[in-house]
Every structure is written in structure tokens, then in C-alpha cells.
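Please examine the sequence and the structure shown below. The report that follows treats a pair of helices and then a sheet.

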Amino acid sequence: MKNIPKLIRRFAGILFFSLLLLIILNVCLLSVIALQYTSNASPWQTAKETADAIQATDSGIGLPGQITRRLVSDGIWAVFIDNDTRQIAWQTENIPENIPRSYTLSDISSLTRGYLQDYPTFPGESPYGILILGYPKHSFWKHLWPSWDYQLIADFPKTVLAVLAINAAVIFIIYAAANTKLLASAGPLISGIQALATKEPVHIPEKGLLSEIAANINQTSEILQSQAYQLRRKETARANWIAGVSHDIRTPLSMVMGYAGQLADSPRLSAEERQRAAGIVRHSERMRNLISDLNLASKLEYNMQPLHLSHINIIAVVRQAAVDFINMETADKYPVQWETEEGLPACYAAADKGLLKRAVCNLIWNCIRHNAQGCTIFIRVALVRQVSGRRDTADAAAGCGKATVDAKPAGSNMCCIEVSDNGCGVPDEQIEQLNHAPHYMMCDEQTDRQQHGLGLLIVRQVAASHGGSVVIGHSLHGGFSVKILLPEVDIKAASRKVQVS
């Protein structure tokens, strides 16, 4: 629900910028409108300039003909009231008939502030009297009592800001109230979309403004749940089929191996026939091992293989696997070289001893299977210390070349098991494929092309079930190398924890 406050902030930001843009637009619009009437908004200045142009001649008071014609062309009439007689001493020809010819002081006071016979008038002072300009009716609106309270004018900026703030608050409240239902509908939608990523079932009430989107999310959830169910059925069917086939083949295969073993030991057969029978036994054992690997890989993939975890010394388990192989007949063609440093007496991990030993044996047999001409097998156990932070798989694998023994506490370190050879090796393209391409058994695509055998798949599955990983690469000795990385366990800290509990 972290997106709801973000959505609210976005709405508030849009509202704020909308109000700001609206205010700026209104100011610009009012300025444009006011500019259209600027030419008609200076009657006081016109009256002053006209009064200054009054001239006293021998024939009396008058204005230059140019100014008089301009006034008449603009529809303005003018009269000049003498100071002494308070009567009109001069007038324009377009003066209305209802304009009086003599004025009292009260009349002069009235016309200077407001109107004369509904004509808006504007006075101009002259040494000889008062010039009155009369504009057409309804051309100007004059305030007869233009007086304001001083405190009102002083507080005007504050008042404007307060009014704007109140207006903005009211608009925001209305906006928020109008979008409350939208925000309330968006919350469940966001939660539902987040739940879809975790493959959890989702059901959102299909009501409100976003009911159609809620229905689509519910429909998507049903489709995903159906697909997950079908996938589980498919995986279960695959696991059951593998287990069933393994069980059905095991019995007749045992009979074939028994009969072939008897023939291989029978003195009645020739040496060539006994050799053929021994070949049948050998290939039958290989088939039995393949069936066992297939069954184990299936169980590990679908979490059907129980793990008997205990704190074991990795070095002891790997050494035992190496000793078992040395005691076999193939040891002369495939000698084993133990490269674990003497300064590393133990490396503990929480692991299933049987599965871990099986993984190491698979790596040894993998070296034999791909080097028919023979090779030397190198086995190493190392402890990878992490200097700071979390080290990724590639860095940890790179640090597996040496056992670094120091006084740093365990907990985030890795036990590294490396099995390599000096055989023919593999090209870089195949190394990349082995590290990243899914196994054909666990992939529905390109099932007609086997990518690699089950031995490395089981090694990878065993490492994953123990919280570790596998890195495949080139050996320092020129051949093939596989490294198993498992989290180290501080056996002393674990023992203290058991004693306290």
C-alpha cells in the first residue's frame, strides 16, 4: 500500500499546479482586457491637459481649434466656468441643450465629483476658472464617495492571501472528497496486483469506479491459479511416472544382471562368451545407476527426497569418497591427487552426508566418463573467507583456489569442494551452457536434445537443497572443473547454542 500516499501526493500536486496555472491565466486575461480600455481610462489627464491649453485673448476665453476638434470627434463636450461670474464663458458646439448656463458652488461641487445631467464630468483647473469635460452617458462609472478605511487598505494583501488560501482549501476538500472513492478502489487493486506476483489467490470486490479493472484482476488470478494447478499436476505426473518406470525396470534388470553374472562365472562357457556376459553385467549396472540417478533427480526436484542434516566435517566426507575410489580397479588409469592444504583441519557445514558423498562421487565419475584415455583427478576442499559484504558465486568460486585460514568468525563463509582433472576439458560455449541452460529433464523446451547427463544435475540439486551453489569452469590443470559451494557452520557456536537450549 505504499503507492496510495504516492498517488495522493500526485493528485495534490496536480491540484496545486492547476490552481497556480489558473491564477496566472486569470491575471493575464484581466491584464489583456484592461489594456483594451486603457485609451479611454485617462479622462482626468485629458481634462488637465485641456485646461492647461485654455487661452485668454482680447475676444475672450478659448481653446486652440485642433484641441476643440479632437474633443468633438471623441464625443466629448466642454464648458469653461468663469471664476467670478460662475457662468459659462466658453463652450463647444456639441454641448447638450439641458446643460445649465450658470452654476452655484454646490453645483460645481457636485459636477466635479460625479455627474452633470447623467453625463460623467471631469474638471480641470485653470487660472481663469474651471474647465468641465462631459463624456457620453454610460462611458464611465464614477465613485461619488471614493473613501476607504485605512486599516482595510493596509490589510488588503493579507486579506487577499487569506481569501486565496481559503478558496484553495475549499477546492482541495471538494477535490479530495470527489476522489475518495477512486482512492478507496485503487487500494485493493494495488494489493491484488502485488499478490499476483507472489502467485497467491486474489479476489477483489467488484464494485466502485474501478469495478471493471477489479474483475479483470480476479479473472487473471483465476487463470494463474489454474495454470499453477495444471503445472503441479504435470510435475506430480512426471515424478510418479519416473518413480513407476524406475520400479518396474528394477526387477527385470536385477534378473538380467543375475543371469548374466552366472554366465560370466560359468566354466562351461568360453572366455569370449564369459567376457560378453561380463559386459552385459557391466552395462546393466550402468543402467541401474542411471535409473537410480533419474529417480534421485526427480525426488530432489520435487522436494520428495528427505534430508538428514547434521553438522559434518566436509573434509572427512570428501576424503572418504576419494579413498573409496582409490580402492577401485580404475585407480591406476585415473589417479587421485588430494590438494587440500594441511592447515585446514576441518570445514563444517549442515549437510546430508549420504547426498554430499553421492555428489562428490558423481563428479569423480564425470571425470572418468569424459576422459577415456585416462587423466589425473584433483580433489580440493577450501574455506572461502568473505572480506566485506556478500560475495557472489563467481567471486566465491574464484577464491576457492586456496584455503585461507585466519581468525575471522564463521557464519557467512563458504566451504568449497572442487573436483577437477587434466583431461580433454570442454569449450567455453559448453561451459556457459552448463552454468546457465536448464537441464533437459527440467525443461519443457527442446526435449529432443539432451544437454548433459544426470550426474551434474544431481550435484546441482544437492547443492541447492543445502543452500549452496555449483560453478562449472576450466581447471587450473587444463581440464574440467566443478566447484560446490556450501555455507560454513560455526560448530563451536552451534554447540554453545545447543547447550543453552
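In which hand of crossing, left-handed or right-handed, does helix 9 pass helix 10? The crossing of helix 9 with helix 10 is right-handed. The model under discussion is predicted.

## Two packed helices

Two packed helices are described by the angle between their axes and the distance between the axes. Helix 9 spans residues 314-326 and helix 10 spans residues 353-369; they pack at an angle of about 45 degrees, and their axes lie 9 Å apart. Helix 9 and helix 10 are therefore oblique to each other.

On the side of helix 9, the contact includes Ile314, Val317, Val318 and Phe325, while helix 10 contributes residues including Leu356, Val360, Ile364 and Ile368. The residues of this contact comprise 10 nonpolar, one polar and three charged.

Strands of a sheet pair through backbone hydrogen bonds, either parallel or antiparallel. Here, five strands form an open sheet in the order 4-3-7-6-5, with antiparallel pairing. Strand 4 (88-91) and strand 5 (115-116) are the edge strands, each pairing on one side only.

## Strand 7 and its partners

Strand 7 (residues 129-134) runs antiparallel to strand 6 (residues 119-126), and six bridges join the two. Strand 6 and strand 7 form a hairpin, with two residues between them. Within this pairing, Pro123 has Ile132 as its bridge partner, and Gly124 has Leu131.

Strand 3 (residues 77-82) is also joined to strand 7 by six bridges, and these strands run antiparallel. Phe80 stands opposite Leu131 of strand 7. Strand 7 is mostly covered, with five of its six residues buried.

Notes
Residues are numbered from 1 along each chain as its sequence is written. This is a predicted model: local features need pLDDT of at least 70, side-chain atom pairs count only at pLDDT 80 or more; totals for chains, interfaces and linings use all residues. Side-chain values use heavy atoms; hydrogens and water are left out. Axes are lines fitted to C-alpha atoms, for helices over the stretch in contact, and angles run from 0 to 180 degrees between N-to-C directions. Helices (H or I, at least four residues) and strands (E, at least two) are DSSP runs, numbered from the N terminus. Angles under 35 degrees count as roughly parallel, over 145 as roughly antiparallel, 65 to 115 as roughly perpendicular and the rest as oblique. A crossing is left-handed if the near helix is turned anticlockwise from the far one by less than a right angle, and right-handed if clockwise. Contact means heavy atoms within 4.5 Å. Ala, Val, Leu, Ile, Met, Phe, Trp, Tyr, Cys and Pro count as nonpolar, Asp, Glu, Lys and Arg as charged, and the others, Gly among them, as polar. Two strands pair if DSSP finds at least two bridges between them. Buried means under 20% relative accessible area, exposed over 50%, partly exposed in between (1.4 Å probe, protein chains only).
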